[in-house]
Amino acid sequence: MNQWRRLAAALADPYRAETWARALLGQDQPEDKRTRKALDELAAAGLVDPSGRATDAFARILAENPAVTREGVDRWVRDGRIDSFPARPTDRLELLRWVTARLPERELTEAEVGEHLSLVTGDVATLRRYLVDAGLLHRAPDGSGYRRA
């Protein structure tokens, strides 16, 4: 991750960014102290080689740090908590089944359901409604409790 920071920091300065753009385009650089300093800083970040030619720094860093492909409920869960609710009904059902598996198999009061759901989301009411609407959580007719389907 520090590699990305070095690249971003090197390009944060407008003159260094302009110098790098000239290197990318293969243009001649001005022969002055400011340009030499900019090229040295760009070389230290790996954006140009010692002669001032642009490198494939971004491609190299991308290859060294491949994107993480999340699968299953990990697409919506971060650190054990729901990060977002999927829009597609089949995906949402997959996430809701994951939540349901974490609920005890006994009758729960509304407060107990809220306690359990708050472990995985900050929006307990929405999650409880999704679970009831999906038929994965049944509410007692008198509203006194809930039970896994």
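This report covers the cores, helix packing and selected residues of a predicted model.

## Basis

The model is predicted: local features need pLDDT of at least 70, side-chain atom pairs count only at pLDDT 80 or more, and totals for chains, interfaces and linings use all residues. Residues are numbered from 1 along each chain as its sequence is written, and side-chain values use heavy atoms, with hydrogens and water left out.

## Nonpolar cores

The largest nonpolar core has 19 residues. A nonpolar core here is a set of buried Ala, Val, Leu, Ile, Met, Phe, Trp, Tyr and Cys residues joined through side-chain atoms within 4.5 Å. Buried means under 20% relative accessible area, exposed over 50%, and partly exposed in between (1.4 Å probe, protein chains only). Ile-82, Leu-95, Trp-98, Val-99, Leu-117, Leu-127 and Leu-131 touch the most other members. Helix 5 (89–100), helix 6 (110–118) and helix 7 (124–133) each supply at least two residues of this core. Helix 5 gives the most, with four. Helices (H or I, at least four residues) and strands (E, at least two) are DSSP runs, numbered from the N terminus.

Leu-95 touches Val-73, Trp-76, Val-77, Ile-82, Ser-84, Phe-85 and Pro-86, not counting residues up to four places away in sequence. Contact means heavy atoms within 4.5 Å.

## Helix 6

The buried residues of helix 6 are Val-113, Gly-114 and Leu-117. They lie on the same side of helix 6, because they cover an arc of only 100 degrees around the axis. The arc is that of the directions from the helix axis to the C-beta atoms. On the other side of helix 6, Ala-111 and Glu-115 are exposed. The buried residues pack against helix 5, helix 7, strand 3 (137–139) and strand 4 (146–148).

## Packing on helix 7

The axes of helix 6 and helix 7 come within 10 Å and cross at roughly 105 degrees. Axes are lines fitted to C-alpha atoms, for helices over the stretch in contact, and angles run from 0 to 180 degrees between N-to-C directions. The two helices are therefore roughly perpendicular to each other. Angles under 35 degrees count as roughly parallel, over 145 as roughly antiparallel, 65 to 115 as roughly perpendicular and the rest as oblique. Glu-110, Val-113, Gly-114, Leu-117 and Ser-118 in helix 6 meet Val-124, Leu-127, Arg-128 and Leu-131 in helix 7. These residues divide into five nonpolar, two polar and two charged. Ala, Val, Leu, Ile, Met, Phe, Trp, Tyr, Cys and Pro count as nonpolar, Asp, Glu, Lys and Arg as charged, and the others, Gly among them, as polar.

Helix 5 and helix 7 pack at an angle of about 105 degrees, with their axes 10 Å apart. That makes helix 5 roughly perpendicular to helix 7. Arg-92, Leu-96, Val-99 and Thr-100 in helix 5 meet Leu-127, Tyr-130 and Leu-131 in helix 7. This contact holds five nonpolar residues, one polar and one charged.

## Individual residues

Asp-91 is found in helix 5. Asp-91 counts as buried, at 11% relative accessibility. Its contacts are Arg-75, Trp-76 and Pro-86, not counting residues up to four places away in sequence.

Asp-79 sits in the loop between strand 1 (77–78) and strand 2 (81–82). Asp-79 is exposed, at 82% relative accessibility. Its phi is near 55 degrees, a positive value in a residue other than glycine. Most residues other than glycine have a negative phi.
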